[in-house]
Amino acid sequence: MYAVIMAGGRGTRFWPLSRSQYPKQFIDILGTGKSLLQSTYERMKKVVKKTQNIYIVAADRYYPLVKKQ
């Protein structure tokens, strides 16, 4: 089984918290201590047993942020 997490966005929907250089998927909008991307990844780990089968799709410019998270 594989999971694909779509981490797109331009940072306009939750402005001023999110910006084009740091959009909503990288922000702790829910106040849980985790970003939306981290929360989604944690949920997927319960469904997809091999974490190497979890893929994150994002724009090239967000690669450093995805890797950090």
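**Fold, aromatic pairs and a nonpolar surface patch**

The secondary structure of the chain consists of two helices and two strands, where helices (H or I, at least four residues) and strands (E, at least two) are DSSP runs numbered from the N terminus. Read along the sequence, these elements follow the pattern β-α-β-α. The radius of gyration, taken over C-alpha atoms, is 12 Å, close to the 11 Å that the globule rule gives for 69 residues, so the chain is as compact as a globular protein of that length. The globule rule is 2.2 Å times the number of residues to the power 0.38. Along its principal axes, the C-alpha trace spans about 35 × 25 × 20 Å.

The model is predicted: local features need a pLDDT of at least 70, side-chain atom pairs count only at pLDDT 80 or more, and totals for chains, interfaces and linings use all residues. Residues are numbered from 1 along each chain as its sequence is written, and side-chain values use heavy atoms, with hydrogens and water left out. The mean pLDDT of the chain, the predictor's confidence in each residue on a scale from 0 to 100, is 87, and 91% of the residues score at least 70. Confidence is lowest in helix α2 (residues 63-68), with a mean of 91, and highest in strand β2 (residues 54-57), at 95.

Of the 69 residues, 26% count as buried; buried means under 20% relative accessible area, exposed over 50%, and partly exposed in between (1.4 Å probe, protein chains only). Val48, in the loop between α1 and β2, is buried at a relative accessible area of 2%. The C-alpha atoms of Val48 and Tyr2 are separated by 6.4 Å, although the residues are 46 apart along the chain. Ala59 lies in the loop between β2 and α2 and is partly exposed, with 38% relative accessibility. Its C-alpha atom is separated by 16 Å from that of Ile27, 32 residues away along the chain.

The chain contains two aromatic pairs. Rings of Phe, Tyr and Trp (its six-membered ring) pair if their centres lie within 6.5 Å; planes under 30 degrees apart count as stacked, over 60 as edge-to-face and the rest as tilted. Tyr2 and Tyr55 form a stacked pair, with 6.1 Å from centre to centre and 25° between the planes. Tyr2 lies in the segment before β1 (3-6) and Tyr55 in strand β2, so this pair ties together parts that are 53 residues apart in sequence. Tyr2 is exposed, at 57% relative accessibility, whereas Tyr55 is partly exposed, at 44%. In the pair of Phe26 and Tyr62, the ring centres are 5.6 Å apart and the planes stand at 50°, so the pair is tilted. Phe26 belongs to the loop between β1 and α1 (36-47) and Tyr62 to the loop between β2 and α2, so parts that are 36 residues apart in sequence are tied together. Both Phe26 and Tyr62 are buried.

Tyr2 and Tyr55 also contribute, with Val4, Met6 and Val57, to a nonpolar surface patch of about 580 Å². The elements that give two or more residues to this patch are β1 and β2. Patches are made of residues with over 30% relative accessible area and no salt bridge, like charges being joined within 9 Å and nonpolar side chains (Val, Leu, Ile, Met, Phe, Trp, Tyr) within 5 Å. A salt bridge is a side-chain nitrogen of Lys or Arg within 4 Å of a carboxyl oxygen of Asp or Glu. Accessible areas come from the Shrake-Rupley method with a 1.4 Å probe, and for residues only the protein chains shown count as cover.
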